[in-house]
Amino acid sequence: MRAFADLYRELDSATATRHKIEALKAYLAPIVSDSSRWGEAAWAIYLLAGGKPRQMIPTRILRRLAQEATGLPEWLVEESYQNVGDLAETLSLLLPPARTNDDVALEVWMNEPPCASSTTTSVTRGSRLMPTRSTTPTGSCFSSLPPARCASASPRVRSCRL
Amino acid sequence: MSLIVARPEGLYCPPGDFYIDPWRPVARAIITHGHGDHSRTGMGAYLCHTDSVPILRRRLGEAIAVEGLPYGEVVERDGVRVSLRPAGHILGSAQIRVEHKGEVWVASGDYKIEPDGTCAPFEPIRCHGFISESTFGLPIYRWRPQAEIAAEINRWWRDNSASGRTSVIYAYSLGKAQRVLALVDPTIGPIFSHGAVEPMNAIYREQGVTLPATSSPAGLPKADLARALVLAPPSAAGSPWLKRFPNYADAFASGWMQVRGNRRRRGVDRGFILSDHADWSGLNAAIDATGASRVLVTHGSIATLVRYLRERGLDASGVQAEYGEEDLGEAA
């Protein structure tokens, strides 16, 4: 996941197509030569090609989690959002820096959504989403997620027009 | 009545009959620092920190009536005691402490909490009333340690140098450019300064700040240009001045680079998050450290910071001061 995040930052900051191609090549080279990581590459290509997984967590809950983690009043989170213009970016700027250095593969992140599944391991599965942040989300936030939001464990690469 | 009040000309101290960083011509002005929005032309007399004197003379003219005061030294007039304390913003930047009949107010101008080695570090002062900027007064602004930013800049320069590309960093000519200079690794290649930056480097060096060697890029061999780091004011972006570098990558050094939309709008290759101002937690920490019960908030996210401070029980209000444009086209 960290490699993908680095790639994304690199692509985002590059203004020349040549730099973007170089960055993609550098990211994919070690993955292509290791078949156990192909799933990771598939997800990366899917996401970069504009693929969008179904919403795993409603934004309402994301906002609430950010408020809990930062201790900021709701209006200030809202004001920050209005200033930045993108909710994901706003929350990433508001949340305290990660305290752990967990490096879970992109594939695992994509296949382990936080969901209140009927299995008893819902908390364990859900806990994947927030371990790099300083606070553990409260159970109430997660148990309020509708089971229907759970993404399928199989990548949706086939639905993407590459 | 407050010891410092807002008037159409600027922040005014009634018992001392002087202004702090006035934006209209007045008889007596005390200046927090040399940026254009805080030190303007047309004042009858200027008082500022000793290190700001050459900056003011350079920018406002040799003929101005200016007096320098070291940090901590007190001047007294009509029962009002005035002294300067470091604000950590740029060379010579000062918070102005004003005391009258036991009441203490501090006008901080622009300030930064993290020490950077190019100017005296910020010192909190206990006071009854504190005047604070709010340039980065939103919690989305949280600076990473400058050592991390330095590593990013050096890596970028090294990579460019290896590919035969000149590295151009746009940075405000007074303060930010010298800060970048102090952070970079001069063993990577030669460093060139734009004509607006070089005189400021000279002033810093004259005041005893150690900076790596810089020179003008005029008439130098092409091979040197390709390995070089160039410091230029933001107004140089897209200007003919850059034509001397056939192949270059550019970057902008500013706190605004924290937000992606700002980076994209600038259209530069890279944004380095480097600010001379306090971030959200810095502003709040500085305000807390003063112990002030009254806070006046100037330029920036005034409404946001005022509301936040009020919710925390402080008597805060906003002042519409004409600060915030450090120079046309240049940035925080």
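Is B:C48 buried or exposed? In this predicted model, B:C48 has a relative accessible area of 0% and is therefore buried. The closest cysteine sulfur to that of B:C48 belongs to B:C119, and the two sulfurs are 15 Å apart, which is too far for a bond. B:C119 is buried as well, at 12% relative accessibility. A disulfide is a covalent bond between the sulfur atoms of two cysteines. The cut-off used here is 2.5 Å between the sulfurs, and a search of the whole structure finds zero disulfides over all chains.

The next topic is the interface. On one side, 23 residues of chain A take part, in contact with 20 residues of chain B. The size of an interface is often given as the accessible area lost when the parts come together. Between chain A and chain B, the buried area is about 1800 Å², with carbon and sulfur atoms giving 49% of that area. The residues of chain A that lose the most area to chain B are A:D12, A:W75 and A:L93, which together make up 33% of what that side buries.

Nine residue pairs are in polar contact between chain A and chain B, both residues of each pair being at pLDDT 80 or more. Four helices of chain A each give two or more residues to the side that touches chain B: α1 (2-13), α2 (17-32), α5 (74-84) and α6 (87-94). Of these, α5(A) provides the largest share, six residues. By residue class, the side of chain A that touches chain B holds 11 nonpolar, seven polar and five charged residues. The salt bridges between chain A and chain B number two. One salt bridge joins A:D12 to B:R263, with the closest N and O atoms 3.9 Å apart.

A residue of chain B gives a local view of the contacts between the chains. B:T304 lies in helix α8 (residues 302-311) of chain B and counts as buried, because its relative accessibility is 5%. Leaving aside neighbours within four places in sequence, B:T304 is in contact with A:W75, A:L76 and A:E79 of chain A, and with B:G137 and B:L138 of its own chain.

Elsewhere in chain B, helix α4 (residues 198-206) has as its buried residues B:P199, B:M200, B:N201, B:I203 and B:Y204. What do the buried residues of α4(B) pack against? They pack against α1 (53-60), α3 (176-183) and β13 (191-193) of chain B. A salt bridge links the side chains of B:R205 and B:E198, at 3.8 Å from N to O. B:R205 is partly exposed, with a relative accessible area of 28%, and B:E198 is also partly exposed, at 23%. After α4(B) comes B:G208, which has a positive phi near 90°.

Over all chains, the structure holds 23 salt bridges. In chain A, A:E40 pairs with A:R37, the closest N and O atoms being 3.2 Å apart. A:E40 counts as buried at 7% relative accessibility, whereas A:R37 is partly exposed at 25%. In chain B, B:E76 forms a salt bridge with B:R81, with 3.6 Å between the closest N and O atoms. Here B:E76 counts as exposed, at 53% relative accessibility, and B:R81 as partly exposed, at 35%. Both residues belong to a network of salt bridges that links B:E76, B:R81, B:R97 and B:E99.

Key. Residues are numbered from 1 along each chain as its sequence is written. Chains are lettered from A and ligands numbered from 1 in the order in which they are written. This is a predicted model: local features need pLDDT of at least 70, side-chain atom pairs count only at pLDDT 80 or more; totals for chains, interfaces and linings use all residues. Side-chain values use heavy atoms; hydrogens and water are left out. Contact means heavy atoms within 4.5 Å. Buried area is the accessible area (1.4 Å probe) that two parts lose on being put together, summed over both. A salt bridge is a side-chain nitrogen of Lys or Arg within 4 Å of a carboxyl oxygen of Asp or Glu. A polar contact is a pair of N or O atoms within 3.5 Å; within protein, one must be able to donate a hydrogen and the other to accept it, and residues adjacent in sequence count only if both atoms are side-chain atoms. Ala, Val, Leu, Ile, Met, Phe, Trp, Tyr, Cys and Pro count as nonpolar, Asp, Glu, Lys and Arg as charged, and the others, Gly among them, as polar. Buried means under 20% relative accessible area, exposed over 50%, partly exposed in between (1.4 Å probe, protein chains only).
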